[in-house]
Amino acid sequence: MSQEKVIVLDFGGQYNQLIARRVRECNVYCEVHPYQIPIQKIREMNPKGIIFTGGPNSVYLEESPVCSKEIFKLGIPVLGICYGAQVMAYLLGGSVKTAPTSEYGKTEVTVDTDKALFSGVASDTVCWMSHTDYIEKAPDGFQITGHTPVCPVAAMECPQRGLYATQFHPEVLHTAEGQKMLSNFVYKICGCKGDWKMDSFVEKTIQEIREKVGDGKVLCALSGGVDSSVAAVMLAKAVGKQLTCVFVDHGLLRKNEGDEVEAVFGTKGIYDLNFIRINAQDRFYKKLEGIEEPEAKRKIIGEEFIRVFEEEAKKIGAVDYLVQGTIYPDVIESGLGKSATIKSHHNVGGLPDCVDFREIIEPLRLLFKDEVRQAGRELGIPEYLVSRQPFPGPGLGIRIIGEVTADKVRIVQDADAIYRQEIANAGLDKAISQYFAALTNMRSVGVMGDERTYDYAVALRAVTTTDFMTAECAEIPFAVLQKVMNRVVNEVKGVNRVVYDLTSKPPGTIEFE
């Protein structure tokens, strides 16, 4: 990778990885580190810029996270965002207090467009606010560069020291010109050239894997989804036949998906891989009997995955490494680091304490979903595989509310197949980032063929997003939804009601559990 980089210091907010993603959109490499990182370590990394993230704390309380004041003496430009702005103000002698009026959601902010951070931005611009505390008074030497009717310091700067701050979140899509602001920071303020490209990431990662593995054997957890497919091809290019891909059909895949995965990666597929398919449907269903709590299901599925891989590794003999397609959103939402746990991903928070491999290799751990797709294209993976719908590792286990049974899996598979077919027929499949059917745990009275029914409700979900950290409900034409409803109710036994989920992320997640 290029030596040119910006680092993000994590104070515990939910958008921390998203900040890094936005910086990378500027073709500038970016890493996330804990706020306690030693000053000497920062000096050694020699970043072009530093960004402080948001966080849930009040900076004036004794136990709240703050960094060393020495960071402001490094001569490196710093941008503080939300809580990060309050940290900057607090440490440098400003005043931070509980705001008389909290601000949440889209807010019009008046900014000084003569300043570098807001160059090319409208003077009244819509930004995403999410704060209870506010900067009552900026530190000495700072100029106020943005405000709202109830937030006197919505932005501030001390350009002589390279210090900038926004109370709002420029990294989220709800901030209309946020990407422009971040671009101004990395280019106009930090002086970055923007020379980090995905081809350099792929090339360097393959070389690092080759050096790490040596002549060892590698087992890849292949689900057939975008992430694990890109990881598998990357490992194949790095170590060739030292790699064995194990595909576990846990009975929680979409309709016919097990056969489709084997058709691509199996012995008659398009890649020269050692491929093994394990049909473990009954084993997973048995483990999930009586389990209703979402986190428990995720952890059970995650641990059973690992156990199956361990068993297969013993058959292969002397496997040193396990490869997984873990990506950045998996990591942040599993609460690794300072951020709150939203859900445990099967290949992150769901890992058992003891795993029988020398090391787990996660070559995509620093990438977001769209970056993974870019890497796949760099690797020459066909577009129909690279652009396929995201699918969670725990599969339909987290699209079935409550206990998982074979009959419930059949219901959601059939409903989802109908939904995906009609979305494609309507020409909407490329415009919607992710869409699927889920089975609620609600049963209600209906009438079909003049007879009373008491069956399940299927929920349809569709969102648009660029990063899968935030998302908006997709606006699907009513006629399309009506057609899906008619087909599901008529063709899927056990369903008498269909609903459409309008929730954005946040406050919801994209998946149901």
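Residues are numbered from 1 along each chain as its sequence is written, and side-chain values use heavy atoms, with hydrogens and water left out. Because the model is predicted, local features need a pLDDT of at least 70 and side-chain atom pairs count only at pLDDT 80 or more, whereas totals for chains, interfaces and linings use all residues. The pLDDT is the predictor's confidence in each residue, from 0 to 100. Its mean over the protein is 89, and 94% of the residues reach 70 or more. Over residues 335-355, however, the pLDDT is below 50, although this stretch has 73 contacts in the model beyond near neighbours in sequence; a contact means heavy atoms within 4.5 Å. Where pLDDT is low, the predicted coordinates should not be read in detail.

Helices (H or I, at least four residues) and strands (E, at least two) are DSSP runs, numbered from the N terminus. Helix 9 comprises the 23 residues 294-316 and reaches 33 Å from its first C-alpha to its last, close to the 33 Å expected at 1.5 Å a residue; the expected span is 1.5 Å times one less than the number of residues. At the N-terminal end, Glu293 caps helix 9 through a side-chain oxygen that lies 3.0 Å from the backbone nitrogen of Glu295. Following helix 9 is Gly317, with a positive phi near 95°. Buried residues are those under 20% relative accessible area, exposed residues those over 50%, and partly exposed residues those in between (1.4 Å probe, protein chains only). The buried residues of helix 9 include Ile301, Phe305, Ile306, Val308 and Phe309. Strand 10 (218-221), strand 11 (243-249), strand 12 (274-279), helix 8 (281-287) and strand 13 (321-323) are the elements against which the buried residues of helix 9 pack.

A salt bridge is a side-chain nitrogen of Lys or Arg within 4 Å of a carboxyl oxygen of Asp or Glu, and 33 salt bridges are found in the whole structure. Glu311 forms one with Arg283, their closest N and O atoms being 2.8 Å apart. This pair links distant parts of the chain, with Glu311 in helix 9 and Arg283 in helix 8, 28 residues apart. Glu311 is partly exposed at 40% relative accessible area, and Arg283 is partly exposed at 29%. Within helix 13 (residues 406-425), Asp416 and Arg420 lie four residues apart, about one turn of the helix. Their salt bridge has its closest N and O atoms 2.7 Å apart; Asp416 is buried at 1% relative accessibility, while Arg420 is partly exposed at 24%.

Lys115 occupies the loop between strand 5 (95-111) and strand 6 (124-137). Lys115 is buried yet has no salt bridge, the nearest side chain of opposite charge being that of Asp112, 4.3 Å away. Beyond neighbours within four places in sequence, Lys115 is in contact with Gln143, Thr145 and Glu157.

Most residues other than glycine have a negative phi, and most peptide bonds are trans. Asn46, in the loop between helix 2 (39-45) and strand 3 (49-52), has a positive phi near 50°. Asn256, in the loop between strand 11 and helix 7 (257-265), likewise has a positive phi, of about 65°. The peptide bond joining Lys505 and Pro506 is cis, with omega about -10°, and the bond from Pro506 to Pro507 is cis, with omega near 15°.

How values were computed. Polar contact = N/O pair within 3.5 Å; in protein donor to acceptor, adjacent residues only side chain to side chain. Lys, Arg positive; Asp, Glu negative; His and termini not counted.
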